[in-house]
Amino acid sequence: MKSIIYYLPVLVLLIAGCDTMNWQQYRIADVAVGSPDATKLRTTLQTVADQTGLKDRAQDSREPATLAFYTQPEVRNFRVDLGARFTNDVVLIDLVGGFGPPPTAYKQAKRLLMPALSAEFGSRVSIPQPFVPIR
């Protein structure tokens with residue numbers, strides 16, 4: 001019985017650490033399908049994906065209005081995904097890293113994204129509140 005009492009705090013920490021969803025979303029206003037801004041955004045995301053080890057898997061995206069989709073190769077559970085999708089007159093960029101402690105690739109991409117997006121799109125970049133759900 002005493003050993004259970006010693007392991008209970010560790011168990012609680014493990015369970016509590018698994019309820020955090022690693023998800024960051026960015027919004028860029030006034031980007032039309034096929035526009036020079038869409039091309040510039042795809043290039044910016046490709047640069048971030050290359051720096052974080054994510055591979056282009058746009059052909060696997062289930063989102064009908066996908067601009068770009070990058071994912072961690074050979075990771076099945078809690079992989080890092082970076083995607084961009086058109087919604088009305090904006091593009092939503094989703095960075096998803098599963099549940100629990102943030103994976104390294106997620107932390108790297110999150111650190112790189114806002115400066116890269118701001119450098120290209122300035123004040124048109126924002127973080128939506130609340131986040132717009134992924135279908």
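Just after helix α3, G122 takes a positive phi of about 55°. This is a predicted model, in which local features need pLDDT of at least 70 and side-chain atom pairs count only at pLDDT 80 or more, while totals for chains, interfaces and linings use all residues. Residues are numbered from 1 along each chain as its sequence is written, and side-chain values use heavy atoms, with hydrogens and water left out. Helices (H or I, at least four residues) and strands (E, at least two) are DSSP runs, numbered from the N terminus.

**Helix α3**

- Helix α3 covers residues 104-121, and its 18 residues should span 26 Å at 1.5 Å a residue, which agrees with end C-alpha atoms 26 Å apart; the expected span is 1.5 Å times one less than the number of residues.
- At L113, shortly before the proline P115, α3 has a kink of about 30°; the bend at a residue is the angle between axes fitted to the seven residues ending there and the seven starting there.
- A105, Y106, A109, L113, L117 and F121 are the buried residues of α3, where buried means under 20% relative accessible area, exposed over 50%, and partly exposed in between (1.4 Å probe, protein chains only).
- These buried residues pack against β1 (21-29), α2 (36-52), β4 (81-87), β5 (90-99) and β6 (125-126), with contact meaning heavy atoms within 4.5 Å.

**A closer look at M114**

- M114 has its place in helix α3 and is partly exposed, with a relative accessible area of 27%.
- Leaving aside neighbours within four places in sequence, M114 is in contact with Y26, V125 and I127.
- From M114 to S126 is 12 residues in sequence and 9.0 Å in space, C-alpha to C-alpha.

**The nonpolar core**

- The largest nonpolar core has 26 residues, and L41, L45, L82 and I93 have the most contacts inside it; such a core is a set of buried Ala, Val, Leu, Ile, Met, Phe, Trp, Tyr and Cys residues joined through side-chain atoms within 4.5 Å.
- At least two residues of this core come from each of β1, α2, β3 (66-71), β4, β5 and α3.
- The largest share of this core, 6 residues, is supplied by α3.
- L41 touches I28, L67, V91, I93, L117 and F121, not counting residues up to four places away in sequence.

**The sheet and its helices**

- An open sheet is formed by 6 strands in the order β2-β3-β4-β5-β1-β6, with antiparallel pairing; two strands pair if DSSP finds at least two bridges between them.
- The edge strands β2 (55-56) and β6 each pair on one side only.
- Strands β2 and β3 run antiparallel and are joined by 2 bridges; the bridge partner of D56 in β3 is Y70.
- β3 also pairs with β4 in the antiparallel sense, over 5 bridges, and the bridge partner of T71 in β4 is D81.
- α2 packs on the sheet, touching β1, β2, β3, β4 and β5, and its direction makes about 5° with that of β3; axes are lines fitted to C-alpha atoms, for helices over the stretch in contact, and angles run from 0 to 180 degrees between N-to-C directions.
- α3 packs on the sheet too, touching β1, β4, β5 and β6, and its direction makes about 10° with that of β1.
- β3 is largely enclosed by the rest of the structure, because 5 of its 6 residues are buried.
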